[in-house]
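Me: I am new to reading protein structures. Could you walk me through this one, feature by feature?

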Amino acid sequence: MRHHVREVQGARVSSPESVLVVGTGLIGTSVALALREQGVTVYLADRDAGAVRLARELGAGTEWTAGRTVDLAVIAVPPQVVAAQLADLQRAGAARFYTDVASVKALPLRQAADLGCDLTTYVAGHPLAGRERSGPAAARADLFLGRPWALCPTEETSPDAVEVLLGLIKLCGGEAVRVDAAEHDRAVAIVSHAPHVTASAVAARLADAPATALGLAGQGVRDVTRIAAGDPGLWTGILSGNALPVADVLEAVAADLAAAAASLRASADPAAMGQVTELLNRGVAGTGRIPGKHGGPARTYATVQVIIGDRPGELAKLFLVAEAAGVNIEDVRLEHAPGLPLGAADLSVQPEAVAVLSEALRAHGWHLP
C-alpha cells in the first residue's frame, strides 16, 4: 500500500493515505474531517448507525465495510474498550497499523497485552483537544491545530507504526509529544482530569443556589465552571480509567481547600490568613507556568475592554478596527450584561498595543469604560 512521505519535525515520516476511524463521536469525527481536508480516504465505523450516518453527511468519510485493509485504524472509543476493539480489528486484518485517542494510556496498553494483541503495530495516542459538547455534530476539522498530541510507543512498537502515527498527527495539525504511558496518565490527571472534577464540585454548588446568587453570576464563575458541562457518562469512564493518579491530585487539592477553610474560620486572627495568601500566591505561580501561544513561555497580555451591542456582526467590526490599526488580538472574552442588550468584550493584546488600539476604537465610535 502506497504512502505519502512528508517532513515532520525534521524527520521523514509516512502519511497514511487510507484511514479507518472507529467511533464517530467528537474526536473521531474531528480526526476524520481533518484527514478528509488533506485528501485522505477515510472510512467510518460505529455501533451507533445514526452517528455514522451523521458523520458521513458532514463529509467525514464513507461507511466501512469488512474486507478492506487501510494504512491506519484510529480507535476513538472509551478507554475501557480500546483494547477489545483493537483485538477485534487486528483479527479482521483491518489495518497495517493502529492507534487510539483515549485520554488514558496505561489501561489500554495493559489490557491489550492481556488480550494478546500485536503491540508492534499499535501506538497508544491522545490528542489533547476537545469541547464541552460531544457527538459528531460538534466535530471540527481544525480541532487539533497547534494542540499537543501525545504518543506513547513501547519497546514492542515498530518504528514504522510510530512513523505513520506521526504522519497522521501532522495531517491533523497537531504537535507530536512522545511520553511514557504512566507519565502521560499522571500528567493529564493534573492538567485535565482533576480540574474537571474540581470544576464540577464548584458548579454543583450552583444547582441549589438561590436565584439572587445566579443573578449575580459573572465571568469568573463561568470561567471556573465551563468544563463542568461535559458529558457525565463519558467523564465517568475517563476518570475510572485513570483513578489513582486523579485521586492523588484531588486529595492534594482537598487538603489545600481544607486548610484555606480552617484559616477563614479563624480569620479574626491575622496570622491565620497567611495560609490563604500562600495558596493564592501558589495559584498565581502555577497559572504563570501554563505555556503561552505556540507552546512558548506564558505571556502577560494587557486588556482593552469595549462595550458592544448584542447584535450580529459587532465582533467582526471590532476585529476590522484592530486589523486596520495593525494590532493582533491575542484572545477575546465576552461578558453579557444581565437584562440588557449589550455586554463587554475584553480584548487581550500586547501591552505596547493598548494605546494604539484604544485610540483607534474611540475614533470609530466605540465606548471604552
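Me: How many positive and negative side chains does the protein have?

Reply: For charge, Lys and Arg count as positive and Asp and Glu as negative, leaving out His and the chain ends. Each charge is placed at NZ of Lys, CZ of Arg, CG of Asp or CD of Glu. In this protein there are 31 positive and 39 negative side chains, and the centres of the two sets lie 4 Å apart. Do keep in mind that this is a predicted model, where local features need pLDDT of at least 70 and side-chain atom pairs count only at pLDDT 80 or more, while totals for chains, interfaces and linings use all residues. Residues are numbered from 1 along each chain as its sequence is written, and side-chain values use heavy atoms, without hydrogens and water.

Me: How many helices and strands are there?

Reply: Both are DSSP runs numbered from the N terminus: helices are H or I with at least four residues, strands are E with at least two. Here you can find 13 helices and 13 strands.

Me: What is the order of the strands in the open sheet?

Reply: Two strands pair if DSSP finds at least two bridges between them. The eight strands of this open sheet run in the order 5-4-3-6-7-8-9-10, with mixed pairing. Strand 5 (62-63) and strand 10 (175-178) are at the edges with a single partner strand each, so one side of each has no neighbour in the sheet. Further in, strand 3 (residues 18-22) pairs with strand 4 (residues 41-45) in the parallel sense over five bridges. Val22 stands opposite Ala45 there.

Me: Is Thr24 buried or exposed?

Reply: Buried means under 20% relative accessible area and exposed over 50%, with partly exposed in between (1.4 Å probe, protein chains only). Thr24 sits in the loop between strand 3 and helix 1, and it counts as buried because its relative accessibility is 1%. A contact means heavy atoms within 4.5 Å. Leaving aside residues up to four places away in sequence, Thr24 touches several residues, including Thr29, Leu44, Ala45 and Pro136.

Me: Which residues of helix 4 are buried?

Reply: An α-helix has 3.6 residues a turn, so residues three or four places apart point the same way. In helix 4 (residues 106-114), the buried residues are Leu107, Pro108, Leu109 and Ala112. Among the elements that cover them are helix 3 (79-92), strand 8 and helix 6 (181-207). After helix 4 comes Gly116, with a positive phi near 80 degrees.
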